[in-house]
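Dear colleague,

I am passing on the structure we spoke about, and I would be glad if you could look through it before reading my notes. What I found is set out below it, region by region.

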Amino acid sequence: MISCLIGFLFHTPVISAIVAIAAFLYYYSTNTHDKWQKLNVPHDRPWPLVGNTVKMLTLIEHQLATIDGIYKRFADKKYCGFYHMKTPFLMIRDPELINNILIKDFSYFPDRGFHKDPALNIIANGLFFLEGSKWKTMRQKLSPGFTSGKLKLTHDQIVACSDELMRFIKDKMIENNQIEVKETMGKYSTDVIGTCAFGLKLDTVKNEDSDFRSNARKIMKMNFRFLLTETVSPKILKFLGISEISPEATSFYTSAFREVIKYREENGIIRHDVAQSLIEARKELVLNSTDENKFKEEDIIANAIMMFLAGFEPVSSTLSFCLYQLALNQHVQNKMRDEMNSKLEQHGKLNNEFLVDLHYTDMVLAETGRMYAVTNALFREAVNTYHVPGGKLVIEKGTKIMIPFHSIHHDPKYYPDPYTFDPQRFSPEEKAKRPSGTYFPFGDGPRFCIGKRFAELEMKMVLSQILTTFYVLPCEKTEVPLKLQNGLPMMVAKNGIWLRFQSIS
């Protein structure tokens, strides 16, 4: 039997077939790996199929470590190349060139380059992923929901959510003085975005079984589905019928936001919020448009879901990392508290003037954004051929660009002793010393985060209530340093962020 098998394998046609298949597979897995060599762009030699990201793909290390390793190996270069599997990426390291790409020459790089299929991912037509004229149109329609006047109208709603959070923390302190703050802040930010943006009273802080929160966890959770979408071609996923995010979560949010729009229209309800902006966009871009490439109902729902997810995850992440650092750096916490008490005495309540006056708190949040930006990089794609100023490199149309801002945020050239939490980095004097193009927690240029001011308002409001009510302290379960969960394109503490709250009075 074995001798027959050996004889078959060494039969000339079989050997030829095996060699031909092996040659095809090798060519397929390496046929893009000569791009940076041809363009004389410094790069590491890639491995077949996996490129330069094998440790990231196999979850041996976090994406941050993979990207930071590439960034540091080309410390004296303005740019370098690497391969994510077969895809060539140009990593931009030079602040001046970064400014050109994001701002000055934005017209060459307006798109992020994530070509998602709406059939696999409901938010593929959300503002974050939209490209070209569709992105510009939807951005214009949603921007009115985030004006300073509209944000002032949300103050009382945010305070109500913060009050509920204070009661929740006090109740938890009776049960157990160790609180996992990431999930706790996630509940708070879910309630805020629900009520302020969509007029929904979710009561997620009080309700452990909230459908809005549980379905959000399904989307944000790292699982086999997530790993597949990171490594397998969208065409293969579509053929196999595998969606990028949970079908249950997709169905829930689609139904929920359709109902919001339907209820408001049937009852003539008008609110000055994000949902209203989407309703107005639906009337103009879907119902009354004669454009052949007009938006569809699914696009409006996609943007509702996108705004909801973007409204709670970055805020909860930043707040939990901020509280973690405040617990470890009591002098910073005390200085924040003193500022808040002083300004509260001056203004009498948590109004807009009070929030604008919290200059040290702004510095603390800026330092948190530097150390713990929610994602690790900005991405762009060249829509036209671009000649790099002052150099020979020509960035061809279709080239994917990465700006590794986590690595830039931790580069000693711009931020000495970068792993030390130091809000003084963002004093006016220190900021003036740094070149532009070195700080991006909300992105930069025309595609900067549309909800930046709302997120800052929400965070300053709840931190003011927390720090004037509680001392935030480490506990037995507080990890130092935090371990990050591999496999996610964002910073998530593997074992949670556990802290202790102690009542001031």
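This is a predicted model: local features need pLDDT of at least 70, side-chain atom pairs count only at pLDDT 80 or more; totals for chains, interfaces and linings use all residues.

Lys-55 lies in helix H4, where helices (H or I, at least four residues) and strands (E, at least two) are DSSP runs numbered from the N terminus. With a relative accessibility of 45%, Lys-55 counts as partly exposed, because that class lies between buried (under 20% relative accessible area) and exposed (over 50%), computed with a 1.4 Å probe on protein chains only. Leaving aside neighbours within four places in sequence, Lys-55 is in contact (heavy atoms within 4.5 Å) with Ile-60 and Glu-61.

Residues are numbered from 1 along each chain as its sequence is written, and side-chain values use heavy atoms, with hydrogens and water left out.

Leu-59, in the loop between H4 and helix H5 (63-73), has a phi near 65 degrees, which is a positive value in a residue other than glycine, and at 29% relative accessibility Leu-59 counts as partly exposed. Asn-40, in the loop between helix H3 (35-38) and helix H4 (54-57), also has a positive phi, of about 60 degrees, although it is not a glycine; at 68% relative accessibility, Asn-40 counts as exposed.

H5 leads on to the sheet, since this helix lies across E1, E2 and E7 and runs at about 60 degrees to E2, where axes are lines fitted to C-alpha atoms (for helices over the stretch in contact) and angles run from 0 to 180 degrees between N-to-C directions. The sheet itself is open and has four strands in the order E1-E2-E7-E4, with mixed pairing, two strands being paired if DSSP finds at least two bridges between them. Its edge strands are E1 and strand E4 (378-381), each of which pairs on one side only, and the twist averages 30 degrees from one strand to the next.

Within that sheet, E1 and strand E2 (residues 87-92) pair in the antiparallel sense over six bridges, and Thr-87 in E2 is the bridge partner of His-84. The two strands form a hairpin with two residues between them, and Met-85 in the turn has a positive phi of about 60 degrees.

Eleven of the 13 residues of H19 are buried, including Tyr-360, Met-363 and Arg-370. The buried residues pack against helix H16 (297-328), helix H17 (330-347), helix H20 (405-409) and H22.The largest nonpolar core has 133 residues, of which Phe-257, Phe-308 and Ile-466 touch the most other members; such a core is a set of buried Ala, Val, Leu, Ile, Met, Phe, Trp, Tyr and Cys residues joined through side-chain atoms within 4.5 Å. H16 supplies the largest share of this core, 17 residues. Not counting residues up to four places away in sequence, Phe-257 touches Phe-198, Leu-200, Phe-212, Ile-301, Ala-304, Ile-305 and Phe-308.

Two further positions deserve a look. UniProt, in an unreviewed entry, lists Cys-449 for "binding site"; its positions are given in the numbering used here, feature names are shortened, and annotations may be inferred rather than shown by experiment. Cys-449 is in the loop between helix H21 (428-433) and helix H22 (452-467) and is partly exposed, with a relative accessible area of 32%. Lastly, the peptide bond from Val-480 to Pro-481 is cis, with omega near -5 degrees, and Pro-481 is in the loop between strand E8 (470-473) and strand E9 (498-503).

With best wishes
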